Amino acid sequence: MENKYLHGYTDHEQQRLLQQAQILSNYIYPAFDFEGMTHVLELGCGSGGQTLELLKRYPHIRITALDISAEQISKAKKNLENYPEYAGRVGFVVGEAMDFIGKHQFDGIFICWVLEHTPNPLWILQNCRELLVQGGKLYITEVYNRSFDYSPRITSFDNYFEAYNQLQYQLGGNPNVGIHLGNLLREAGFSAVQLKPSVNLHDANDLEVCHFMFNYWYDLMLSAEHQLRENNFLSTEEVAAFKAEYAALYEAQRPFFYYCAMQAIAVK
Ligand SMILES: C[S@@+](CC[C@H](N)C(=O)[O-])C[C@H]1O[C@@H](n2cnc3c(N)ncnc32)[C@H](O)[C@@H]1O
């Protein structure tokens, strides 16, 4: 497969990541404490959405924001130019965690929605351990797609979601990596490993938010449309059916949206 990244690096996708960071921020940051840290590595910063959240929420930290993709780093830099108040607090680098080994150490490392895309998360976690000072903390948020549930059921959506996850496996990633984080972190040599569910549940009781999450999820699904078609995981007709039938979610009397991301804290 020529492009091995599920979501691709289009402008539209980079913009979606910026929005996603804001939409999900209250499901991510309350679990983590950056008090006492001065220099944090953000691994897999994408277009810089989480970088902004980190800069905003923790005014005392400096960030090295790293991504394997030059396109993402270029977009992240451009985006940060809109926030002169954060100038001088972040450095953007194209590369991988291993590039820093023996050169830099950090008080903390932040990883969000990255390990699902890598064939060897254990190796990345081992590298992260090398990059932390003694007592330094690693904070991770990752997908656990098997937890996803919703109502009312739509067959074309179920097919689309199944294809989405299977493609992620075929690209070498793992759409359920979140549930493995505890075991992986202990194997990588971390101590005080904690694994926490971050539950996102909305139903008719908060219908607006429920519909908002359906919108968010629709955009997430479509971020893989190109790859799904290119790799013959779905036909044009199957994608069209998903798009047409998804609207039924907004008509339902008793809808619900449920997703449980997994968060991990670990200490060197
Ligand atoms: C879904 S995006 C998440 C971006 C950002 N963390 C956020 O939440 O908005 C995943 C990012 O991880 C990057 N990535 C994948 N594997 C990586 C690796 N081994 N080292 C650094 N970045 C990586 C991709 O290029 C992509 O920008």
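Which residues surround the ligand, and which of them are the closest? In this predicted model, the ligand is surrounded by 19 residues. Tyr-9, Gly-44, Asp-67, Gln-72 and Cys-112 are the closest of these. Sorted by class, the shell comes out as nine nonpolar residues, eight polar ones and two charged ones.

Some of the contacts can be spelled out atom by atom. Asp-67, already listed among the closest residues, puts a polar side-chain atom 2.7 Å from one of the ligand's oxygen atoms. Gln-72 does something along those lines, with a polar side-chain atom 2.9 Å from an oxygen atom of the ligand. With Ile-68 it is the backbone that takes part: a backbone N or O atom of Ile-68 sits 3.3 Å from a nitrogen atom of the ligand. As for cover, the ligand on its own has 600 Å² of accessible area, and the protein covers 96% of that.

Helix 6, running over residues 155-170, packs against helix 10, residues 236-245, with the two axes 8 Å apart and at an angle of about 125 degrees. The crossing of helix 6 past helix 10 is left-handed.

Two spots in the backbone also stand out. Most peptide bonds are trans, and most residues other than glycine have a negative phi. Against that background, the peptide bond from Ser-151 to Pro-152 is cis, its omega being near 0 degrees. Pro-152 belongs to the loop that links strand 6 (149-151) with helix 6, the helix that packs with helix 10. The other spot is Trp-113, which is not a glycine and yet has a positive phi of about 60 degrees. Trp-113 is found in the loop between strand 4 (106-112) and helix 5 (121-131). Cys-112, one of the residues closest to the ligand, falls within the 106-112 range of strand 4.

Key: Residues numbered from 1 in each chain as written. Predicted model: local features only at pLDDT ≥ 70, side-chain atom pairs only at ≥ 80, totals over all residues. Heavy atoms only, no water. Near = heavy atom within 4 Å. Polar contact = N/O pair within 3.5 Å; in protein donor to acceptor, adjacent residues only side chain to side chain. Areas by Shrake-Rupley, 256 points an atom, 1.4 Å probe, with all protein chains shown as cover. Nonpolar A, V, L, I, M, F, W, Y, C, P; charged D, E, K, R; others polar. Axes fitted to C-alpha atoms, helices over the stretch in contact; angles between N-to-C directions. Helix = DSSP H or I, 4+ residues; strand = E, 2+ residues; numbered from the N terminus. Left-handed = near helix turned anticlockwise from the far one by under 90°.
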